[in-house]
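Reader: I have a new model to read. Can you take me through its features one at a time?

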Amino acid sequence: MSRVTGTYAYFGSGWSGQRILFLKEDVQGGLASVVQSGALRTLLSSGKFQGDNASSVGPQTRFAVIPALFVRMATHGKWPGSCAQYRDQAKGSFSHKRRIQSGRIPPVPPSTAQFALNSSKSIRIETVLAFLGCAISLMSLVVLVDRPPINERTDFSVTYLGSRMVYLGLGPKLYDLAEQQKLKSQLLPNAEPLIYEHPPFEALLLVPLGALPYKTAFLIWGIINAAIWLFLPYLLRPYAPVPRDDLAYLLLWLLFLPLGGALFEGQSSLLMLLSYSITFIQLRSGRDFSAGAIFGLALFKFQFALPFVLIILLQRKWRFIKGFLGTATALGVLSLIAVGWRGIVTYIHLLMGVTAHPDNSSYGAAKGMATIQGFVYPLLAGTFGHAAVSVIVAAVSVFLILWTAWHWKKAGIPADLRTFDLMFAVTIVVSLVTSLHMFTPDLSPLIITMLLVARYFPERGHTFLRLVLGTTLVMFWMPPLFLLLLARHWVYLWFPVLMMLTIGIFKLAGIPAEKIPSIQIVHPTASLAGVLEGDKSN
């Protein structure tokens, strides 16, 4: 069922005068949300309330309305005082099917509604200036880092090494560690002792960067990452209305350290975040095939993509799987072109070696990862041995994936968008912690989860749940805490925090939607921030 655009509200018994009656077809023509008995509710094109199969909008359903046009006028202090005036000004903006049967719209004082975003020029200018300041800061960071030896010690050195080898015709030897070290010592003498373990198709697709000098390639890649960083807050804003103030919203993006770490290190984590974001929007809109096709591009970090896809597979979203497999097949062909069958076999052996040596810093030490393996290995490897730890990690990973899939299936494919948002949020967390290889910048997709939890944050009656979710959100939005754990090599301690967040989201998703004060926003420039006091009897 598709949602309809427009913002409306139902006034309480404190208002005098006649009310307006709408037919069901009028609702289908543009009604999106109403305040019913003091709670904001979303209406679907079927004429039913979202999440309520029993209640439907019939010929006698009474609403007083604030359409989107009315909201825009209200922000400028212009309030129409009569139904006739409203019809004249709204003519052409709404469906011709809407028929007003009787009544007048009473004058609405500005104090009765609060709006999510102030559209005054001063606010717009402040937001634009803040955005420009953010853009300048991000670009400046890229330029400052792009000088040796700093740029050579970033993770981008590994990405460049792989693309350079394919550019030089060394594709079949891409995963020969001796060849990697030989070329690295020539090009990047100050580089960290890391190896290229990314998929072959990534090296092929980034050959244009490998053809450039390292300093130039780092600058271009940094500009691309900064552009993605700047685009993402705009892309996700309609789905993340909390905080309502744009400046505070932008500040949350700046405070989440993994995003800055991804930009500093030249990581591809921001591309991964972009993949999750677009997939979320596509799935939420019912475009499963395109969602799967787009998420297939996330296979450049397959350790996160595969757990996510497995959870979706268990929901039997076959169109998503078809789209994903189509993209995966294309990337598989590109991998063969890049390294050949011999290179593919060598790559598989390399991955097995990485898995078998979680304490090897060249591969990425496990204790530097906020994953199940990163948490279990430092605590239990000395007592039980590597084999036993591997079994424990595999068992816990399978359990989390199945548990998440079961919760999602139990909730049902969402007519309730709130349930979908929360289940997608928790699926992101599970796809991260069940991976076998993750650095701090790879936590970037977690920003989606955090913003969605903030949107549906529980009300005061759920004190313990508020404490758990609030504590985890505050911790993740504390850059000094990230820096402390990095400096002490305690990054694995993020895993129990992520588990607290996961359990909290499951609990939040189980609370009936009617008990959560959530506003469904069609677009942030046309929304009601508060709920008008409704009539006790609908």
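Author: Start with burial. A residue is buried under 20% relative accessible area and exposed over 50%. This is a predicted model. In helix α6 (residues 177-187), the buried residues are Glu179, Gln180, Leu183 and Lys184.

Reader: What about the whole protein? How many helices and strands are there?

Author: There are 22 helices and 4 strands. The protein has 538 residues, and 52% of them count as buried. Take contacts between residues at least 6 apart in sequence: 74% join residues at least 24 apart.

Reader: Now helix packing. What describes a packed pair?

Author: Two packed helices are described by the angle between their axes and the distance between the axes. Take helix α12 (residues 269-284) and helix α18 (residues 417-433). Their axes come within 11 Å and cross at roughly 150°. That makes α12 roughly antiparallel to α18, since angles over 145 degrees count that way. The crossing of α12 and α18 is right-handed.

Reader: Which residues of α12 and α18 meet?

Author: From α12 come Tyr276, Thr279, Phe280, Leu283 and Arg284. They meet Leu417, Phe420, Asp421, Phe424, Ile428 and Ser431 in α18. By class, the residues of this contact divide into 7 nonpolar, 2 polar and 2 charged.

Reader: And α17 with α18: at what angle do the axes cross?

Author: At roughly 175°, and the axes of helix α17 (residues 386-411) and α18 come within 10 Å. So α17 is roughly antiparallel to α18. On the α17 side, the contact has Leu400, Ile401, Thr404, His407, Trp408 and Ala411. The α18 residues they meet include Phe420, Met423, Phe424 and Val430. The contact of α17 with α18 has 10 nonpolar, 4 polar and no charged residues.

Reader: Pick a single residue. Is threonine 472 buried or exposed?

Author: Buried, because its relative accessibility is 0%. Threonine 472 lies in helix α20 (residues 463-476). Leave aside its neighbours within four places in sequence. Threonine 472 is then in contact with Val497, Met500 and Leu501. Methionine 500 is 28 residues from threonine 472 along the chain, yet their C-alpha atoms are separated by 7.3 Å.

Reader: Now phi. What is the value at arginine 316?

Author: About 60°, a positive phi although arginine 316 is not a glycine. The residue is in the loop between α14 (302-314) and α15 (318-356). Arginine 316 is exposed, with a relative accessible area of 56%.

Reader: Where is histidine 489 found?

Author: In the loop between α21 (479-487) and α22 (494-510). Phi of histidine 489 is near 60°, a positive value in a residue other than glycine.

Methods:
Residues numbered from 1 in each chain as written. Predicted model: local features only at pLDDT ≥ 70, side-chain atom pairs only at ≥ 80, totals over all residues. Heavy atoms only, no water. Axes fitted to C-alpha atoms, helices over the stretch in contact; angles between N-to-C directions. Helix = DSSP H or I, 4+ residues; strand = E, 2+ residues; numbered from the N terminus. Parallel < 35°, antiparallel > 145°, perpendicular 65-115°, else oblique. Left-handed = near helix turned anticlockwise from the far one by under 90°. Contact = heavy atoms within 4.5 Å. Nonpolar A, V, L, I, M, F, W, Y, C, P; charged D, E, K, R; others polar. Buried < 20%, exposed > 50% of the residue type's maximum accessible area, 1.4 Å probe, protein only.
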